[in-house]
Structure formats: C-alpha cells, structure tokens
Amino acid sequence: MSNAPILLFLHGVGGGDLDDEWRHALEPALTGIGYPDLSGVKVLAPKYPNGLKGFDDNEPLPKVTLRAPRGDDAKKHRRLASVCRKTLSAQGFQ
C-alpha cells in the first residue's frame, strides 16, 4: 500500500468536465493558500456525465461520519473554496 496522497474529485450532474479542466483552477488555488500542488498526487476523477440524471431512488443513506472543520481549519477551507470559485469564474466556468 502506498503512502502517496490521493485526491478523489467528484463532480455534479452536467457535462462532467471530460478534459479535467478543473485542475487548472484547483492547483493554483491550493498553492495560493499554502497547500502543495498536485504533483505526486494520485488523482481519481471518474467520468459519468449523465449517470446521475433522472435517478431519484428512495434508498436510505449512510450516517454522516465526518465532522465539519472548525476554527483555523474551517477558515482555510472557506478561503480555498472562495479562491476556487473566483479562479473558475475568471476562466469562464460557472
């Protein structure tokens, strides 16, 4: 088993960004707030542009097992989200 970091990028319903253009926004946003870039990171970005459309199964969902970030972690996450939105917007993404 490798100790290399893994990034699992899941997109929403839509075109699915088949060319992984999201990386052009995420990488500078990460480095801009002090995180390392994505070199050496295994990236998993499944492509399923129409796989979720029209599905509305009434299946029970598992319990949430993560806690929301707090304090400085929450501030850093909000800043990253803001930088990503601004970068994507500047590149013409909505």
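Author: Let's start with Leu-44, which counts as partly exposed at 37% relative accessibility. Keep in mind that this is a predicted model.

Reader: OK, and where does Leu-44 lie?

Author: Leu-44 lies in strand 2, which covers residues 42–44.

Reader: How far apart are the C-alpha atoms of Leu-44 and Leu-7?

Author: Their C-alpha atoms are separated by 6.1 Å, although the two residues are 37 apart along the chain.

Reader: Take Leu-10, then. Buried or exposed?

Author: Exposed: Leu-10 has 52% relative accessibility, and the cut-off for that label is over 50%. Leu-10 is found in the loop between strand 1 and helix 1.

Reader: Let me zoom out. What pattern does the chain follow along the sequence?

Author: The pattern reads β-α-β-α, with 2 helices and 2 strands in the chain.

Reader: And how much of the chain do buried residues make up?

Author: Buried residues account for 16% of the 94 residues.

Reader: New topic: aromatics. How many aromatic pairs does a search of the whole structure find?

Author: The search of the whole structure turns up 1 aromatic pair. Phe-9 and Trp-22 form that pair, and their rings are stacked, with 4.0 Å centre to centre and 5° between the planes.

Reader: Why does that count as stacked?

Author: Because the planes are 5° apart, and anything under 30 degrees counts as stacked once the centres lie within 6.5 Å.

Reader: Where do Phe-9 and Trp-22 sit in the chain?

Author: Phe-9 is in the loop between strand 1 (6–8) and helix 1 (22–32), while Trp-22 is in helix 1.

Reader: Is Trp-22 buried or exposed?

Author: Trp-22 counts as buried, at 7% relative accessibility. Phe-9 is partly exposed, with a relative accessible area of 24%.

Reader: Last one, charges. Which residues gather in a patch of positive charge?

Author: That surface patch brings together Lys-75, Lys-76, Arg-78 and Arg-79. Lys-75, for one, has its place in helix 2, residues 71–90.

Reader: And what's the relative accessible area of Lys-75?

Author: The value for Lys-75 is 57%, so this residue is exposed.

Methods
Residues are numbered from 1 along each chain as its sequence is written. This is a predicted model: local features need pLDDT of at least 70, side-chain atom pairs count only at pLDDT 80 or more; totals for chains, interfaces and linings use all residues. Side-chain values use heavy atoms; hydrogens and water are left out. Patches are made of residues with over 30% relative accessible area and no salt bridge: like charges are joined within 9 Å, nonpolar side chains (Val, Leu, Ile, Met, Phe, Trp, Tyr) within 5 Å. Accessible areas come from the Shrake-Rupley method with a 1.4 Å probe; for residues, only the protein chains shown count as cover. A salt bridge is a side-chain nitrogen of Lys or Arg within 4 Å of a carboxyl oxygen of Asp or Glu. Lys and Arg count as positive and Asp and Glu as negative; His and the chain ends are not counted. The place of a charge is taken as NZ of Lys, CZ of Arg, CG of Asp or CD of Glu. Helices (H or I, at least four residues) and strands (E, at least two) are DSSP runs, numbered from the N terminus. Buried means under 20% relative accessible area, exposed over 50%, partly exposed in between (1.4 Å probe, protein chains only). Rings of Phe, Tyr and Trp (its six-membered ring) pair if their centres lie within 6.5 Å; planes under 30 degrees apart count as stacked, over 60 as edge-to-face and the rest as tilted.
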